[in-house]
Amino acid sequence: MSYYQVKNLEQYFKHYNKSIREPRKFWERIADENFTWYQKWDKVVEFDMQEANIKWFLNAKVNITKNCIDRHLAKRGDKTAIIFEPNNPAEEAQHITYNELYDRVCKMANVLRDQGIKKGDRVCIYLPMIPELAVAVLACARIGAIHSVVFAGFSASAVTSRINDSGCKMVITSDGGFRGNKTIELKSIIDEALQKCETVEKVLVVKRTGSEVKMKEGRDIWLQPLLDEAMANNVAEIMDAEDPLFILYTSGSTGKPKGMLHTTAGYMVYSAYTFKNIFAYEENDVYWCTADIGWITGHSYIVYGPLLNGATTVIFEGIPSYPDFGRFWEVIDKHKVTQFYTAPTAIRSLAKENWEWVDKYDLSTLKVIGSVGEPINEEAWHWYNDHVGKKKSPIVDTWWQTETGGIMISPLPFVTPTKPTYATLPLPGVQPVLMDEKRNEIEGNQVVGSLCIKFPWPGMARSIWGDHQRFKETYFSTFPGKYFTGDGALRDEVGYYRITGRVDDVVIVSGHNLGTAPIEDAINEHPAVAESAIVGFPHDVKGNALYGFIILKESGEGRDRENLKKEINEHISSHIGPIAKLDKIQFVSGLPKTRSGKIMRRILRKIAEGDFSNFGDTTTLLNPEIVEEIKEGKL
Ligand code: WTA
């Protein structure tokens with residue numbers, strides 16, 4: 001019996017029980033039967049969850065791109081690996097076969113090597129959603145360079161801090177990118193970012209928009225002429241199972257970016273296995289995930305997971321509302337998409353428009369539709385189910401994180417009965433537990449608690465780049481010996497999980513994780529600002545929006561408030577990115593603080609939500625009178 005694919009509920013329980021009783025045998029079997037290795041492992045897993053040391057497939061040797069590309073060539077050389085759908089529907093789509101992908105990745109890998117990149121070097125990739133982005137990622141993996149993809153919506157200073165944190169030697173970018181009716185000048189953002197970076201030696205530039213760019217001599221090189229000269233084959237680097245594959249930054253509770261480090265073999269096995277099962281992938285399917293490759297969803301479920309399974313994966317450059325609100329549905333119709341994976345914020349924004357935008361197109365090819373990034377509310381779930389899935393394509397509400405590498409809790413289509421707003425059951429190999437405030441495991445059903453995972457899984461992050469101590473403290477110390485997700489969850493009467501949201505200082509806005517600390521740091525840099533506190537509040541489309549409580553310095557008191565608000569948002573935009581802008585800014589004379597000086601965010605959160613009913617215990621506050629003032633000034 002193969003464990004690679006779960007076909008019905010009975011089999012799910014069988015596989016699940018096996019994966020708990022004998023996790024080593026379970027994962028060994030999957031790794032053994034479904035991948036190409038230079039050399040197999042000596043031991044399946046070794047771990048110490050107290051110290052946050054985890055290793056999978058010890059001493060195995062592998063290259064993930066051989067598994068994504070080379071091994072498919074004999075059978076699937078002429079099959080389409082990537083469909084590129086440009087921002088502008090008038091521009092022709094590209095179909096890139098596995099043979100062509102092989103050539104392009106090899107050429108790019110050779111260029112990287114020629115330009116001095118070696119195994120272990122860090123390469124920052126700052127590109128729009130064009131095929132070169134996937135090719136650059138794979139070319140790094142081919143030669144063992146560690147890719148750090150930075151979402152091309154981040155500002156120059158956010159790029160600077162990410163490049164410096166991991167000491168990137170190279171940046172791969174483009175002249176610009178198309179987004180709806182806008183052009184984003186990516187190269188000039190990189191020029192600005194690099195003014196404060198010492199480690200970058202070379203910048204490779206893809207031509208996409210034709211925008212005029214400055215090329216710095218000795219540093220900046222147009223990529224295409226180099227590719228034209230490069231050879232279309234390349235001997236892949238032999239990687240150890242635990243050699244780093246990539247770094248991907250995510251928000252944390254301090255201003256410093258948190259570079260999650262993923263390694264090679266475990267990530268490969270986990271992203272492939274989860275893709276196959278969660279999307280019920282079959283050979284001739286056309287799979288489309290609308291995320292950006294700059295986020296983990298794009299890494300695992302646009303690039304690696306689909307290609308590892310020899311699938312056809314769509315890369316979409318545009319946005320859901322351009323040139324009109326039918327764009328997503330038009331693309332599904334045009335490319336006969338069978339699996340569609342998007343975010344609740346996109347669903348909510350499209351559900352506000354007339355449903356005729358959807359009904360105009362033929363969506364009958366769809367088999368499975370998915371959701372990721374934040375809780376999906378009941379209304380959006382039903383709209384998605386009725387209008388997109390037509391009540392026949394199951395919705396997979398997939399819960400996971402940058403840190404988990406792949407999907408952890410999700411229905412399996414045609415296997416797990418779905419329930420609106422529930423991520424339902426853990427995947428085989430995943431052992432979720434709910435913890436109470438006293439740090440005890442909560443047994444039984446119909447309970448709520450902090451969501452932890454008590455046994456390692458192959459796809460989990462291994463560390464934070466350059467700061468293992470922080471990795472241990474953030475994820476393995478709150479509940480010693482367990483991985484703490486930062487999310488709260490409930491378990492219903494049949495054992496289904498529903499994720500209720502973050503229990504820490506991260507707010508999810510339009511599916512993007514935003515740590516409140518880095519935003520506060522940015523605001524506090526404004527010369528008129530003395531102190532600030534950011535919380536989230538519910539928003540119809542974005543899920544959450546940001547509400548800022550700001551104390552001005554004396555020197556700022558006399559300033560025009562509307563102008564100040566604008567300046568503060570511009571400052572946030574240039575320090576982090578437009579996604580982190582505040583929807584509401586309230587100037588206050590003080591913030592509720594405990595005697596130890598900590599801001600009581602719980603109170604601010606309730607005020608921002610407009611819930612003045614029960615503030616809980618305020619007796620520990622240093623300045624209880626401030627609460628009234630803030631309530632009165634609520635926006
Ligand atoms: C949230 C995205 C509810 C959660 C893959 C998690 C979700 C954070 C869901 C990770 C879901 C993700 N239901 N909440 N289906 N999926 N989340 O690192 O709070 O960008 O901790 O990874 O998103 O966000 P990240």
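## An open sheet

In what order do the strands of the open sheet of 5 strands stand? In this predicted model, the order is S22-S21-S23-S25-S26, and the pairing is antiparallel. Strand S22 (441-442) and strand S26 (497-502) lie at the edges; each has a single partner strand, so one side of each is left without a neighbour in the sheet.

The partner of S22 can be described in detail. Strand S21 (residues 432-435) pairs with S22 in the antiparallel sense over 2 bridges. In one of these contacts, Met435 has Glu441 of S22 as its bridge partner.

## A hairpin

Strand S27 (residues 506-509) and strand S28 (residues 512-515) also run antiparallel, and 4 bridges join them. Val506 has Gly515, in S28, as its bridge partner. The two strands S27 and S28 form a hairpin with 2 residues between them. Within the turn, Ser510 has a positive phi of about 50°.

## Helix H5

Helix H5 covers residues 98-114, which is 17 residues. After the helix comes Gly116, with a positive phi near 95°.

Which residues of H5 are buried? They are Tyr98, Leu101, Tyr102, Val105, Cys106, Met108, Ala109, Asn110, Val111 and Leu112.

## Salt bridges

The structure holds 47 salt bridges. One of them joins the side chains of Arg113 and Glu237, at 3.3 Å from N to O. This pair links distant parts of the chain, for Arg113 belongs to helix H5 and Glu237 to the loop between helix H9 (223-229) and strand S13 (239-240), 124 residues apart. Arg113 counts as partly exposed because its relative accessibility is 30%, and Glu237 is likewise partly exposed, with a relative accessible area of 24%.

A salt bridge also joins the side chains of Lys169 and Asp121, at 3.2 Å from N to O. This pair, too, links distant parts of the chain, 48 residues apart: Lys169 is in the loop between helix H7 (156-166) and strand S8 (170-174), and Asp121 is in the loop between H5 and strand S6 (122-126). Are Lys169 and Asp121 buried or exposed? Both residues are buried. A further salt bridge is formed by the side chains of Asp220 and Arg219, at 2.6 Å from N to O. Asp220 is buried because its relative accessible area, 9%, is under 20%; Arg219, at 11%, is buried as well. Elsewhere, salt bridges that share partners join Glu85, Arg327, Glu330 and Lys334 into one network.

## The second largest pocket

The second largest pocket has a volume of about 510 Å³. Its lining consists of Phe484, Val503, Asp504, Asp505, Gly597, Lys598, Ile599, Met600, Arg601, Arg602 and Arg605. Which helix gives the most to this lining? Helix H20 (residues 601-609) does, with 3 residues.

How many residues of each class line the second largest pocket? There are 4 nonpolar, 1 polar and 6 charged residues.

Notes. Residues are numbered from 1 along each chain as its sequence is written. This is a predicted model: local features need pLDDT of at least 70, side-chain atom pairs count only at pLDDT 80 or more; totals for chains, interfaces and linings use all residues. Side-chain values use heavy atoms; hydrogens and water are left out. Two strands pair if DSSP finds at least two bridges between them. The expected span of a helix is 1.5 Å times one less than its number of residues. Buried means under 20% relative accessible area, exposed over 50%, partly exposed in between (1.4 Å probe, protein chains only). On a 1 Å grid over the protein atoms alone, a cavity is a set of points where a 1.4 Å probe fits but cannot get out, and a pocket is an open set with protein on both sides within 12 Å along at least five of seven lines; lining residues have an atom within 4 Å of a point. Grid points are joined across faces, edges and corners, and a volume is the space filled by probe spheres set on the points. Ala, Val, Leu, Ile, Met, Phe, Trp, Tyr, Cys and Pro count as nonpolar, Asp, Glu, Lys and Arg as charged, and the others, Gly among them, as polar. A salt bridge is a side-chain nitrogen of Lys or Arg within 4 Å of a carboxyl oxygen of Asp or Glu.
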